[in-house]
Amino acid sequence: MSRVVVTGRVPDAAIEKLRVEHEVDAWQGPESISRDELLRRVAGADAILTLLTERVDGELLDTAGPQLKVVANVAVGYDNIDVAACRERGVVATNTPGVLTEATADIAFALILMATRRLGEGERIIRDRQPWKWGMFFLLGTGLQGKTLGIVGMGGIGQATARRAKAFGMDVVYQSRSEIDPDVAAELGARRVALDELLAVSDVVSLHCPYGPATHHLIGAEQLSAMKSSAYLVNTARGPIVDEAALATALRDGTIAGAGLDVFEREPEVHPELLELGNVALVPHLGSATIETRTAMATLAADNALAVLRGELPPTPIG
Ligand code: DGY
């Protein structure tokens, strides 16, 4: 029997799976685990299930000890994990691709609609008990039909967002490191373009690329200036892909029309200027937040850890 540390609260189904074969030490606190407590608990662990709020680096891996076999992230994004440090120590790192694709694409599209149809502004008027009545020119938004969605990062979530765009009558262009399956591209009517062209032709730009040194501030002042002044930016990927200060300036000055953000550069902090702007919809990292999806993510992470502990290949290793 091995010792598995779970660094935050996850759905019971995952804990039950792990408990059949192993001793499980799961953090149950209402807040995220503190770094000190995390280091104390991982000492002697054979497997660690991590949440994206916990940093997995050389210090943590060394504190855990040489018996540590696997770090199973309960997230598809793994910018919280130093994958090279895991590799150097022979620790397998895994993530949870696939199971959160549809939920995240739903939130991307929800933000597209919130931003273009000014739903947050409308809700705030009602909640603030401001006077209002139907009017021909009251809170006019922008329709999506016949407009172009530019998708940056055409993996599973980008493709699922493109599918939704097609159902809304939008054209799709995408920028991606590699060409997607030609059948999928044909089904979506999606055309691969360079980022410059995507920014210039899109009415909505939606970000779905992974975060890393290559995508840090991929969207900054220059890229925002290259967008149409009537365009919207949506980010459900990772906050630091966008230079938040530059975005706030662009939204304030009318360089672009609006934005929808699920992720932030310094989560859970939000740039104070964004909080003052009406033309940005803000939601607190809810991309995968459905009961079904979080259960699937946690059980996939448990399956990854269990496989490695049995000496088998995990279902979804990183890299
Ligand atoms: C992920 O899995 O990377 C998501 O951001 C979690 O919601």
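A residue counts as exposed when its relative accessible area is over 50%, as buried when that area is under 20%, and as partly exposed in between. The model here is predicted.

Start with Phe137. Its relative accessibility is 71%, so Phe137 counts as exposed. Phe137 sits in the loop between α6 (119-127) and β6 (148-152).

Leu139 is not a glycine, yet its phi is positive, near 50°. How exposed is Leu139? Its relative accessibility is 22%, and therefore Leu139 counts as partly exposed.

Arg118 is another residue to check for its backbone: phi is positive, about 60°, although Arg118 is not a glycine. Arg118 has 27% relative accessibility, so it counts as partly exposed.

The last stop is a peptide bond. Which residues does the cis bond join? Glu267 and Pro268 are the pair, with omega at about 5°. Pro268 belongs to the loop between β11 (258-261) and α12 (272-276).

Notes: Residues numbered from 1 in each chain as written. Predicted model: local features only at pLDDT ≥ 70, side-chain atom pairs only at ≥ 80, totals over all residues. Heavy atoms only, no water. Helix = DSSP H or I, 4+ residues; strand = E, 2+ residues; numbered from the N terminus. Buried < 20%, exposed > 50% of the residue type's maximum accessible area, 1.4 Å probe, protein only.
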